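Reader: I would like to go through the pockets and salt bridges of this protein. Could we start with the terms?

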Amino acid sequence: MNDEVLEMMTQLMTDVRLEDIVRENQEYQQALKEERAIYEKFRKLLNQEQKDLLEEFLAASSESACVYDRLSYQQGMRDLFALFQSLAR
């Protein structure tokens, strides 16, 4: 599958469909609520320099997680495409 087409499809699917799915998923919403509560407790224990460093770390960590998720999603699409091709033979 052409990587450019795959990139466009992935972007569309994650922008449109995935956001709706996670917004409506109660398990995800509960995990997110718990994550935010723990984050706020932890953040209150830090001085300003530590808070700034934590924010930098979280931004970098989120970016790497987004790249990982995108690559995983794309690989799943490649695998599905390969499966469909093998079944069509």
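Author: Helices (H or I, at least four residues) and strands (E, at least two) are DSSP runs, numbered from the N terminus. This is a predicted model, in which local features need pLDDT of at least 70 and side-chain atom pairs count only at pLDDT 80 or more, while totals for chains, interfaces and linings use all residues. Residues are numbered from 1 along each chain as its sequence is written, and side-chain values use heavy atoms, with hydrogens and water left out.

Reader: What volume does the largest pocket have?

Author: Its volume is about 470 Å³. A pocket is an open set of points on a 1 Å grid over the protein atoms alone, where a 1.4 Å probe fits, with protein on both sides within 12 Å along at least five of seven lines; lining residues have an atom within 4 Å of a point. A volume is the space filled by probe spheres set on the points, which are joined across faces, edges and corners.

Reader: Which residues lie nearest the centre of the largest pocket?

Author: Of its 13 lining residues, Y28, S62, A65, C66 and D69 lie nearest the centre. Two or more lining residues come from each of α1 (3–24), α2 (26–44) and α3 (48–88). The most come from α3, with six residues.

Reader: And which residues line the second largest pocket?

Author: The lining consists of E35, R36, Y39, F42, L54, E55, L58, S61 and S62, around a volume of about 170 Å³. Helix α3 supplies the largest share, five residues.

Reader: Turning to salt bridges, how many does the structure hold?

Author: There are three, a salt bridge being a side-chain nitrogen of Lys or Arg within 4 Å of a carboxyl oxygen of Asp or Glu. One of them joins E55 and R43, with the closest N and O atoms 3.3 Å apart. Because E55 lies in helix α3 and R43 in helix α2, this pair ties together parts that are twelve residues apart in sequence.

Reader: Is E55 buried, partly exposed or exposed, and what is its relative accessible area?

Author: E55 is partly exposed, at 31%. Buried means under 20% relative accessible area, exposed over 50%, and partly exposed in between (1.4 Å probe, protein chains only).

Reader: Which residues do shared partners join into one network?

Author: E19, D20 and R23 form that network. R23 meets E19 at 3.3 Å, N to O, and D20 at 3.0 Å, N to O. R23 is partly exposed, with 46% relative accessibility.
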